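Please open the model in your viewer and keep the selection panel at hand. The tour moves from one selection to the next and says what is to be found at each stop.

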Amino acid sequence: MNKFIYKSIFMYASLQFCGNIEEYFSTHSEKFVVFIVMPRLKNSSNLLRVYFRGKLIEEKTVTLSENIFLYYFLWHYNHWKILLKYFSYHEKFYVVTGHPVSFFGLFLQRIIRHRARFIYWMGDYFPGDGFVIRIFERVKKFYHDRADYNLYLSDGINQVLNNGKTTNNNKKKTVMWGVKPVSTSKKTSLKGFNILFVGLIKKSQGLQTVFELLSKDKLLNISILGICDKPLYKEYMKLIKSYKIIERVYFPNKFFSDEKLIEFAQKCHVGVAMYDTDKTNPTYYTDPGKVKTYTQLNLPVIMTNTSGVAAYIKKYQAGEVIDSNEISGAITKIKNNYDKYLRGVIRFNNYFDMNKYYKEKFRFIESIK
C-alpha cells in the first residue's frame with residue numbers, strides 16, 4: 001500500500017507537545033504544510049514548514065507579535081498567504097485547525113479555494129461567564145457549526161458542543177493526542193527523587209504544593225521546563241527562596257527543545273500535573289499535553305483527578321490520580337513500586353501510539369474524491 005495515505009493537508013501545530021501531529025502527518029501525507037504558532041507570551045519561533053512525500057522542502061520563520069491585536073492580525077494574514085501560495089484553486093486539501101481565527105472569512109476562503117475542506121479540531125473549552133469568554137465561545141460555536149468536520153480533544157468538549165451527548169461518526173468525533181515513546185535511560189537510583197514539570201505555567205497548576213513538599217523532603221528535586229509571566233515568576237522565586245529550596249529547583253523560565261527535554265527526562269523519575277479540579281478550569285474539558293509528554297518520556301504521572309485522560313492513567317496504572325494534598329503519598333507509592341508504574345506507562349503509550357491511534361481516527365480523510 002502507498003505509504004502516503006493522505007493527499008494534501010494544511011495543519012496548525014506548536015513546538016510544545018502537540019500530539020506528534022507534525023511528525024505523523026508529514027510522514028504519511030504526499031503534501032503537508034504546517035503552520036507552527038507559539039503562545040503570545042514571549043512570542044517567537046513561529047515557523048512555516050512544507051513537506052513533500054515525507055521530506056522537508058521548506059522552512060521559514062514567521063513573525064507575529066506579543067501585542068494582542070497584532071498577534072491575531074499577523075496570524076490571520078499569514079494564514080491567507082499560506083492558502084494562496086501553497087494550494088491551488090482546483091486542489092482538494094484539508095485545513096486542520098484548532099482556533100477560530102483560522103476560520104475568519106470562511107465564506108471567502110471557500111470561494112478562492114473551493115475544494116478545501118475545513119476540520120475544526122477543538123482543543124479547549126472555557127466555561128467562565130465573563131463577557132470576553134462568552135463571546136469567544138460563541139465565535140467558536142459559530143464556526144463549529146459551519147466547519148465540514150468537527151474533532152474534539154476530549155469527550156468533555158464533544159459533549160459540550162453536542163448538547164451533552166458524545167458524538168462519534170465521520171463528521172464529529174473525539175480525537176485525543178497520540179504519543180510516540182522515546183528512548184530514555186532506565187532510572188537506577190530512587191534515593192534522590194527527581195520531579196519534572198513541563199509546559200506553560202499557570203497559578204492553577206499546583207506548583208506551590210510541590211514547593212512546600214520539597215521544603216519537607218530533602219531528597220526531592222524539581223526541574224520546571226516552561227514559561228510564565230514575570231509577576232508569577234517573581235512570586236514563585238520568592239516562595240522558593242522562603243522555603244530554602246533554591247538549590248533543588250531548576251526554573252529558568254523558558255521552553256526547551258525536544259532534545260533538551262529528553263536529556264532532562266533521563267534524570268527524572270516522575271512528571272507532575274497538579275491541575276485545579278474545579279469544572280470551571282478549562283483543563284477539566286481537554287486532553288492536557290503535559291500528561292502525555294511525561295508518558296512519552298517514559299515517566300509515570302502524578303496528576304489531579306481532572307480531564308478525561310485521568311481515567312486512562314488509572315486504567316493502565318501509568319501513575320497516580322490524586323487530590324492535591326495527596327502528592328506525598330503518591331510519590332511514596334511510585335518509589336516503592338516503580339517498575340509496576342513503568343509497565344503501566346508502556347500499556348498507556350501502546351493504546352495512544354500515534355501510528356495506530358491516528359490512522360484509525362483519521363481514516364475519514366484517507367480517500368480523495
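What follows is a series of stops, each with something to select and a description of what is there.

Before selecting anything, note that this is a predicted model, in which local features need pLDDT of at least 70 and side-chain atom pairs count only at pLDDT 80 or more, while totals for chains, interfaces and linings use all residues. Residues are numbered from 1 along each chain as its sequence is written, and side-chain values use heavy atoms, with hydrogens and water left out.

Begin with helix H1, residues 21-28; helices (H or I, at least four residues) and strands (E, at least two) are DSSP runs, numbered from the N terminus. H1 is mostly covered, six of its eight residues being buried, where buried means under 20% relative accessible area, exposed over 50% and partly exposed in between, with a 1.4 Å probe and protein chains only. Select Ile-21, Glu-22, Tyr-24, Phe-25, Ser-26 and His-28 to see the buried residues of H1. Their cover includes strand S1 (6-13), strand S2 (29-36), S3, S6 and helix H13 (354-361).

From Glu-22, move to its partner Arg-49: the two side chains are joined by a polar contact of 3.0 Å, a term for a pair of N or O atoms within 3.5 Å, of which, within protein, one must be able to donate a hydrogen and the other to accept it, residues adjacent in sequence counting only if both atoms are side-chain atoms. Arg-49 lies in strand S3, residues 47-52, and counts as buried because its relative accessibility is 16%. Residues up to four places away in sequence aside, Arg-49 touches, among others, Leu-15, Phe-32, Val-34, Leu-56 and Glu-59, contact meaning heavy atoms within 4.5 Å.

Next, select Tyr-125 in the loop between strand S6 (116-122) and helix H4 (131-144). Is this residue buried or exposed? At 19% relative accessibility, Tyr-125 counts as buried. Its C-alpha atom is separated by 8.3 Å from that of Val-160, which is 35 residues apart from Tyr-125 along the chain.

Go on to Gln-205, in the loop between strand S9 (193-198) and H6. Gln-205 is buried, with a relative accessible area of 7%, and its contacts beyond four places in sequence are Phe-197, Leu-200, Met-274, Tyr-275 and Lys-290. Leu-207, in helix H6, is buried with a relative accessible area of 1%.

Now display helix H6 (residues 207-216) with helix H7 (residues 230-242), whose axes come within 10 Å and cross at roughly 15°; axes are lines fitted to C-alpha atoms, for helices over the stretch in contact, and angles run from 0 to 180 degrees between N-to-C directions. H6 and H7 are therefore roughly parallel to each other, given that angles under 35 degrees count as roughly parallel, over 145 as roughly antiparallel, 65 to 115 as roughly perpendicular and the rest as oblique. Leu-207, Gln-208 and Phe-211 of H6 make the contact with Tyr-236, Leu-239 and Ile-240 of H7.
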